[in-house]
Amino acid sequence: MSLSSMPHLTRAQAPLTCEIDAVNEYGESHKIAIPAERALTVYVDKRELVTLMTLGAHPELLVLGYLRNQRLIRQVGDIESITVDWDVGAAAVRTRHGIADIEEKTAKRVVTTGCGQGSVFGGLMDEVDQIVLPADAQITQGQLYGLVNTIRLKETTYKSAGSVHACALFAVTADEPEMLLFVEDVGRHNAIDTIAGWMWINMAPTLSMAPTFPTACDSLPLAREEGALRLRPGEASSAAPAGEEGGALAGLVFYTTGRLTSEMVIKSAQMGVPIVVSRSGITQMGHQVAQAVGLCAIGRATNKRFVCYSSAQRLHLQPELAGPKIRASAGPA
């Protein structure tokens, strides 16, 4: 995709935490950090669409990913610009040709199991049967442990302030999984939408193509233009595209601290990610969707413990890495 057809994005990052006065169990007053939740109202071609509650780490990517995961925009090039202004708490999206049948597409709303309440425009299961994930994507048990350990060592807003969810995108090569992007937000759906927006920009024109990845997982490749920032496609990659000698991609892995509900599994599949890892568990409908699309869902992933709920053929087991199995004591005779 040419630079001229890429969306023009501002870079309106907001502070992720704020300090308040609190009292502990001893009656002592002290200052603590809490997440700085704020409202962001999204307008598409001057039409109010939705208000998202967010930390505001990467609001433009959040809006971009939200529009993609809601299936309101089909191609990233259909968006001309996304302008975020925290003074008024608004994101203005300008499309190149408008959104056809937007009234019809947004008329039906499904309330989901998101943090608080989430919602999806249209039918929740619409187009799920059209999703095709890479057939040969796999992860080894050792790579899974490496991924979980990378998250454990990460300096996060959760460690300093709590009350947030985290999501991350990893590239799995022949070596250790490489973290490409780490996002925290007040809701896990915001975090995955932000990653979806990043993927849509950096893996354009389609997610089915072999992607190129920036070398830094916390910074985005940006070029300044007229006071705003524009993402540069085709930046230097740290992993070779699939099929090239040395570092051929075995696939992408999505990690979340939240539970794997049907919506989270659907969004992961829409993003073309065949393996999802969660610190939490999975719901019945999430499991059904994962089985239907051939997505490997791994939950309860902490330290060296995990449960693989679906598509176990994508996980190369190495039980010897799990250490000795601790058996429950039979109790006194």
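An axis here is a line fitted to C-alpha atoms, for helices over the stretch in contact. I keep that in mind for the entries below, and I note that the model is predicted.

**Entry 1: α5 and α6**

I looked up how these two helices lie. The axes of α5 and α6 come within 11 Å and cross at roughly 5°. Angles under 35 degrees count as roughly parallel, so α5 is roughly parallel to α6. On the α5 side I found R188, H189, I192 and D193 in the contact, and on the α6 side E263, M264, K267 and S268. Sorted by class, this contact of α5 with α6 has four charged, two polar and two nonpolar residues.

**Entry 2: charged pairs at K267**

Side chains of opposite charge can pair when their charged atoms come close. I went through the salt bridges, and the structure holds four. One of them joins K267 and D193, at 3.1 Å from N to O. This pair links distant parts of the chain, as K267 is in helix α6 and D193 in helix α5, 74 residues apart. I checked burial, and both K267 and D193 are buried.

K267 also forms a salt bridge with E263, with the closest N and O atoms 3.4 Å apart. K267 and E263 are four residues apart in helix α6, so about one helical turn separates them. Both of these residues, K267 and E263, are buried.

**Entry 3: E80 and R94**

I looked at another salt bridge, in which the side chains of E80 and R94 meet at 3.5 Å, N to O. E80 lies in strand β6 and R94 in strand β7, so the pair ties together parts 14 residues apart in sequence.

I then took α6 (residues 262-270) with α7 (residues 284-293), whose axes come within 7 Å and cross at roughly 25°. The two are therefore roughly parallel to each other. The contact of α6 with α7 has seven nonpolar, two polar and no charged residues.

For α1 (residues 59-69) and α5 (residues 188-202), I noted axes 6 Å apart and an angle of about 90°. These helices are therefore roughly perpendicular to each other. Their contact residues include Y66 and R68 of α1 and W198 and W200 of α5. The classes are nine nonpolar, five polar and two charged.

**Entry 4: T10**

T10 is in the loop between β1 and β2. T10 counts as buried because its relative accessibility is 17%. Its side chain reaches the backbone nitrogen of V84 at 3.0 Å.

Methods: Residues numbered from 1 in each chain as written. Predicted model: local features only at pLDDT ≥ 70, side-chain atom pairs only at ≥ 80, totals over all residues. Heavy atoms only, no water. Axes fitted to C-alpha atoms, helices over the stretch in contact; angles between N-to-C directions. Parallel < 35°, antiparallel > 145°, perpendicular 65-115°, else oblique. Nonpolar A, V, L, I, M, F, W, Y, C, P; charged D, E, K, R; others polar. Contact = heavy atoms within 4.5 Å. Buried < 20%, exposed > 50% of the residue type's maximum accessible area, 1.4 Å probe, protein only. Polar contact = N/O pair within 3.5 Å; in protein donor to acceptor, adjacent residues only side chain to side chain.
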